[in-house]
Amino acid sequence: MASNGVLDARERSATLSRLATERFDVLVIGGGITGAGAALDAASRGLRVALVEARDLASGTSSRSSKLIHGGLRYLEQRDFKLVYEALRERDLLVSKLAPHLVKPVSFLYPLYKKVVERPYVGAGLVLYDAMEGTRRPVPHHRHLTARGALRLAPALSPERLAGAMRYYDAQVDDARYTLTVARTAAAHSAVVATRVSAVSVMRGPDGVRVTGARVRDEETGRSFDVSAETVVVCAGVWTDLVHELAGVRAGYRVRMSKGVHIVVPRSAVNADTGMILRTDKSVLFFIPWGERWIVGTTDTDFTGDRAEPAATQEDVDYLLAAANRVLVRPLLRADVIAVYAGLRPLVEAVGEVNGSKGANGSKGAKGAKPTTKVSREHVVDVPVPGLASIAGGKFTTYRLMARDVVDAAVADFDREVPSSVTEQLPLLGADGLVGVRAGAGRLAEDCRVSRAAVEHLIDRYGTLAGEVLDLIRADPGLAQPLADGYPYLRAEVAYAVTHEDALHVDDVLMRRMRLFIESADSGTGVAAEVALIMGRLLGWSRRRRAAETRRYLEAIAAEQTRPAAGASAVAAGVAVAGMAAADAVLAGVAAAG
Ligand SMILES: Cc1cc2nc3c(=O)[nH]c(=O)nc-3n(C[C@H](O)[C@H](O)[C@H](O)COP(=O)(O)OP(=O)(O)OC[C@H]3O[C@@H](n4cnc5c(N)ncnc54)[C@H](O)[C@@H]3O)c2cc1C
């Protein structure tokens, strides 16, 4: 039976005791979008499911993407027609049915600079892009624009050489919030979801071969225990090879890491009413509207460093500024950069035979390898030993198909019939009844004595679950106050992150439940102590613990922001200095208070 999909951080010990004592059909390792999707896919087929995530939900790549739900126009050029077709179908399903509260259409301008050759080429691509979508159209068709029409929409573009433009539509999402919502929907179908629990080895059955679960470690206490499951599903993104190693298995593929960096600049720095996509020598560059900001990215380079903390370098940031400034009238300045973030794409390369339902893309090994921009974004499923299925590659956009494929492979040798995937028919939490909640926003605002803008902000982030956040405000009207000046987030959202969204630490709130980490020039350090106070009231933190939790966030930010500066990037250094000065000031306050 479906439970209510609440992930209450205060109930963590009960969750861990369920993990240790129940026997599951499927144990998912990894709580990014792929693992959350796999947990939902399996749980909604009626299977008993557990998911363990070593850090926080979406703390890996799934909070560091370009946040687009898209077909991937550029994959057409690589003739990856199947990928584009599947991704466009998924995009439309998410926008129209599964998650209209989270996945929203966004328009892009594609400026053209070569009058004769470019328009027919790009135009034909977009005709194909639109045609692949089919007849149900939750997003508008593409349009041709003259240079003048393009400049009306995007005065930021330099008119020099501009021959015209195409306007087309895709969709965007808060990737971390989406991942969390998928995990909560899995919990609503009785999945047990535990964060800061790492898989450290796998268990084998009496034959010494079949995997029968995993030994896990609670990262909060260091305690280890076993989780029993009929099958284990590995969804560990760029950690996949390490999980294969700890499981002692050789899979038919390995993961190649490609780093992508984004910069965040104020909306006022680029005068345009639409997103933009530009061709670069190696790939494409997006300007993606993000509230009062632009996200500009991305890069695509091989990476071999620390998976947990990918860092942007001087070259990354300079490359992005230079690529953007090739087309802008008013160049983006280093001083415009509010934040820089980096993520790692888990790209797959075949190394042997793949024993699953999907083949690897056939690319060669790392030596003499293709540039990462040319490696296919298709996913690979493998079953290297009975009782263990693993998946990597793919895109955020196609997570639902990835989840279906890996669960199909995982249950293929069960001695009973398992229903097919039902997620195509399954709206995520917060989606059902959205129209009614939107229409009633004014009444909700009056009832709860908050502004209509605040209610609309909540509906935008939580869909129909906005009512749960408003319930907290009814019980404690002080929670209606904004968390930080100039940002729409309310204090109630911090409390809700603890009581419903499994936030255990300040970084869970400021980096992923809210996005102040990338949206604010001080990375949210100025409100870290306030967040610790609200969380601490619910989690029973002493004053000393609150200070320690605040310090932990500030130190994490300082570490994250100093690294790019080590590459001597003036941009990154500027961001780092601002963030660290703010962090120092708050740390001084914490020390004085504590
Ligand atoms: C810069 C960039 C831009 C992108 N933009 C887009 C885009 O716009 N649209 C799109 O569709 N796709 C995009 N992608 C791709 C997309 O973000 C990824 O494909 C997707 O997020 C990968 O999700 P995942 O769950 O496989 O991996 P992750 O999100 O990394 O999740 C893996 C999880 O496994 C956990 N884990 C690892 N080891 C263990 C263990 N032993 N025990 C327990 N847990 C463990 C990790 O902590 C991690 O949270 C982008 C990627 C990058 C890097």
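**Figure 1. Packing of helices H14 and H15 in the predicted model.** Helix H14 (residues 466–475) packs against helix H15 (residues 491–501) at an angle of about 115°, and their axes are 9 Å apart. Axes are lines fitted to C-alpha atoms, for helices over the stretch in contact, and angles run from 0 to 180 degrees between N-to-C directions. H14 is therefore roughly perpendicular to H15; angles of 65 to 115 degrees count as roughly perpendicular, under 35 as roughly parallel, over 145 as roughly antiparallel and the rest as oblique. The crossing of H14 and H15 is right-handed, a term used if the near helix is turned clockwise from the far one, and left-handed if anticlockwise, by less than a right angle. Helices (H or I, at least four residues) and strands (E, at least two) are DSSP runs, numbered from the N terminus. Residues are numbered from 1 along each chain as its sequence is written. In this predicted model, local features need pLDDT of at least 70 and side-chain atom pairs count only at pLDDT 80 or more, while totals for chains, interfaces and linings use all residues; side-chain values use heavy atoms, with hydrogens and water left out.

**Figure 2. Packing of helices H13 and H15.** Helix H13 (residues 452–462) and H15 have axes 14 Å apart and pack at an angle of about 30°. H13 is therefore roughly parallel to H15. Their crossing is right-handed.

**Figure 3. The shell of residues around the ligand.** Of 38 residues around the ligand (a heavy atom within 4 Å), those that come nearest are Thr-34, Glu-53, Ser-62, Leu-68 and Thr-397. By class, the shell holds 19 polar, 13 nonpolar and 6 charged residues; Ala, Val, Leu, Ile, Met, Phe, Trp, Tyr, Cys and Pro count as nonpolar, Asp, Glu, Lys and Arg as charged, and the others, Gly among them, as polar.

Figure 4. Gly-297 and Thr-298 are joined by a cis peptide bond, with omega about 20°.
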